[in-house]
Amino acid sequence: LSLPATDPAGTNNFDIRVTFDNLVADNARIDVTITSATALASGSGFALANAGGATTTGVAAPANQIEVVASALVLSGSPPNSQINTNFPLTLEAKDAQNNVDVDYIGQVQLTATGGGGTLTVQPGQSLTPTLSSGVYNWTTLRISQSGTYELKASDNTYNDEFTDPTASITIQSSASTITPSTDPVLCYGA
């Protein structure tokens with residue numbers, strides 16, 4: 001980027017504005033540094049080749065920092081169909097309209113399952129009412145106790161009620177059963 005300084009008084013202020021792609025990293029810093037400056041032969045010069053090395057590095061946050069602000073909770077990916085009482089994964093993320101994760105979001109949610117007769121549980125070390133960390137919560141040990149098709153819903157309604165509740169469907173299948181007849185049947189007759 002080359003910016004000419006044509007002010008007759010010998011000073012110029014520059015405003016630098018940028019546009020980013022949709023995919024950005026929350027809290028990423030944007031720093032600008034002057035690395036070289038050239039004076040016209042007919043004008044005054046600079047004491048240093050980099051015109052003093054002006055920089056925004058070291059400016060305290062949140063100046064020059066990207067701030068992603070969540071506008072939705074998103075259940076990432078579809079949970080795989082699973083067997084009764086078998087662990088399955090699910091990820092919840094707080095994202096903005098461009099699908100960037102808001103790493104500052106720490107809201108609490110409640111995960112529920114409806115549509116079947118089973119009970120949704122999670123193994124020790126995880127929770128059905130977690131607080132997101134860095135805008136994300138990963139369940140790895142979710143289980144449902146009966147076969148059927150269920151709708152999973154992550155709701156913040158009990159807590160802040162900031163977002164529409166995302167849902168995902170999962171089918172829980174019963175395991176196959178094999179019946180093998182005895183080779184020595186025992187018959188009972190009653191009187």
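Analyst: A salt bridge is taken as a side-chain nitrogen of Lys or Arg within 4 Å of a carboxyl oxygen of Asp or Glu, and by this rule the count comes to 1 salt bridge. The model is predicted, with local features requiring pLDDT of at least 70 and side-chain atom pairs pLDDT 80 or more, while totals for chains, interfaces and linings use all residues. Residues are numbered from 1 along each chain as its sequence is written, and side-chain values use heavy atoms, with hydrogens and water left out.

The salt bridge joins glutamate 93 to lysine 95, with 3.2 Å between the closest N and O atoms. Glutamate 93 is buried at 14% relative accessibility, and lysine 95 is buried at 11%; buried means under 20% relative accessible area, exposed over 50% and partly exposed in between, with a 1.4 Å probe and protein chains only.

Aspartate 96 belongs to the loop between β3 (88-95) and β4 (110-114), where strands are DSSP runs of E with at least two residues, numbered from the N terminus. Aspartate 96 is also buried but has no salt bridge, and lysine 95, the nearest side chain of opposite charge, is 8.2 Å away. For this assignment Lys and Arg count as positive and Asp and Glu as negative, whereas His and the chain ends are not counted. A polar atom of the aspartate 96 side chain lies 2.9 Å from the backbone nitrogen of glutamine 98. Leaving aside residues up to four places away in sequence, aspartate 96 touches Val68, Val69, Ala70 and Ser71, contact being heavy atoms within 4.5 Å.

Notes: Helices (H or I, at least four residues) and strands (E, at least two) are DSSP runs, numbered from the N terminus. A polar contact is a pair of N or O atoms within 3.5 Å; within protein, one must be able to donate a hydrogen and the other to accept it, and residues adjacent in sequence count only if both atoms are side-chain atoms.
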